[in-house]
Structure formats: structure tokens, C-alpha cells
Amino acid sequence: MTNNEDTNEIEVLNAICKTAKQEGKLSGKNLTALYELFGQRFTKALEALKENRVKKYAFKPSNRTVWIVVGRERDYLIMPEAEFCTCDDFYFRVLDREIHLCYHLIAQKIARNLGWFESFEENDELYASLMDEWKKSTA
Ligand SMILES: [Zn+2]
């Protein structure tokens, strides 16, 4: 994969998410397009979506939002605005500009647009300790 495909990935994914949101589903055509673009990463993203492993945490009263993708061995923390994820894929490859989106970010974007996620509300007091917990797991 070359570097100039990077921006393309996000643009294509965003465009497909927009259509999916309007249609309320991922059409066969879009499934194929996503698979062609992301390959194995999309397969894993779809698996996470089907298994309901994408969670949204809203903290009150600050309204801070954190997304989590529950992985096989640990949870991955995602900050969609920054297109940031705590997984190794993101750390090693995205930062090296080898790939732009890890499968967690792909799953999160699709989940958000189609409502395929579980929602939790937590108190702000929990925010700091949860962040510590999640950050520790990436060390
Ligand atoms: Zn990730």
C-alpha cells in the first residue's frame, strides 16, 4: 500500500458511511467496496460490528465521549475526532504512515453512522480512572 492512498481511505469510508446512514444499512455494493479498499481490516471491523463490540461511553456532566472496541485480548480506546486509536496497529503502522485507519477506527465510523453500538452513560468521576486503565493497557 502506498502513502497517497491514505487520504483516499478516509474519503471513501466517509462517503460510504454517509450513504449507509441514509439507507440505514450497508448495501452489497458498499460491502464489496469496503472489502476491496480495506481487505482483512474490513473483515475484522465487520466482525467487531456483528459481535456488538463497539461501545460508546458518554461522561456526564462534561459530555466527553469515548469509544471502545472490545478486542480479543484487551479493549481499544478510540478518539474519533483525532482519528486516534490505542492499538498496536495504529501505533506502529499509522504513525509510520503505512496505513491510515486501523480496523477499530473503521468499525467505529461504521458503527456511529449506522447506530451499531452499545451506549453507556458514566459519571465524570469515572472518566479519569477509566482513562488510566485504558492507557495502562497500551503500555
Ligand atoms: Zn485500532
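Predicted model: local features only at pLDDT ≥ 70, side-chain atom pairs only at ≥ 80, totals over all residues.

Leaving aside its neighbours within four places in sequence, with which residues is Leu13 in contact?

1. Contacts of Leu13. Beyond the neighbours within four places in sequence, Leu13 is in contact with Leu34, Phe38, Leu101, Ile106, Lys109 and Ile110. Leu13, Leu34, Ile106 and Ile110 are also among the residues that touch the most other members of the largest nonpolar core.

2. The largest nonpolar core. This core comprises 30 residues, and Leu26, Phe42 and Cys85 are also among those touching the most other members. At least two residues of the core come from each of helix H1 (6-23), helix H2 (28-38), helix H3 (40-50), strand S2 (64-70), strand S3 (75-79) and helix H5 (103-114). H5 makes the greatest contribution, with 7 residues. Apart from this core lies another, of 9 residues, which includes Ile68, Leu77, Met131 and Trp134. As general background, nonpolar side chains in soluble globular proteins tend to be buried together.

3. The two sides of H3. After H3 comes Asn52, with a positive phi near 60°.

4. Order of the sheet. An open sheet is formed by 5 strands in the order S4-S3-S2-S1-S5, with mixed pairing. S4 and strand S5 (118-123) are the edge strands, each pairing on one side only.

5. Pairing of S1, S2 and S3. Strand S1 (residues 54-60) pairs with S2 in the antiparallel sense over 6 bridges. S2 and S3 are likewise antiparallel, over 4 bridges, and form a hairpin with 4 residues between them. Trp67 links the two pairings: Trp67 is the bridge partner of Lys56, and the bridge partner of Trp67 in S3 is Ile78.

6. Pairing of S3 and S4. Strand S4 (residues 84-85) runs antiparallel to S3, to which 2 bridges join it. Ile78, the partner of Trp67, stands opposite Cys85 in S4. S3 and S4 form a hairpin with 4 residues between them, and Glu83 in the turn has a positive phi of about 45°.

Technical notes:
Residues numbered from 1 in each chain as written. Heavy atoms only, no water. Core = buried A, V, L, I, M, F, W, Y, C linked by side-chain atoms within 4.5 Å. Buried < 20%, exposed > 50% of the residue type's maximum accessible area, 1.4 Å probe, protein only. Contact = heavy atoms within 4.5 Å. Pairing = 2+ DSSP bridges.
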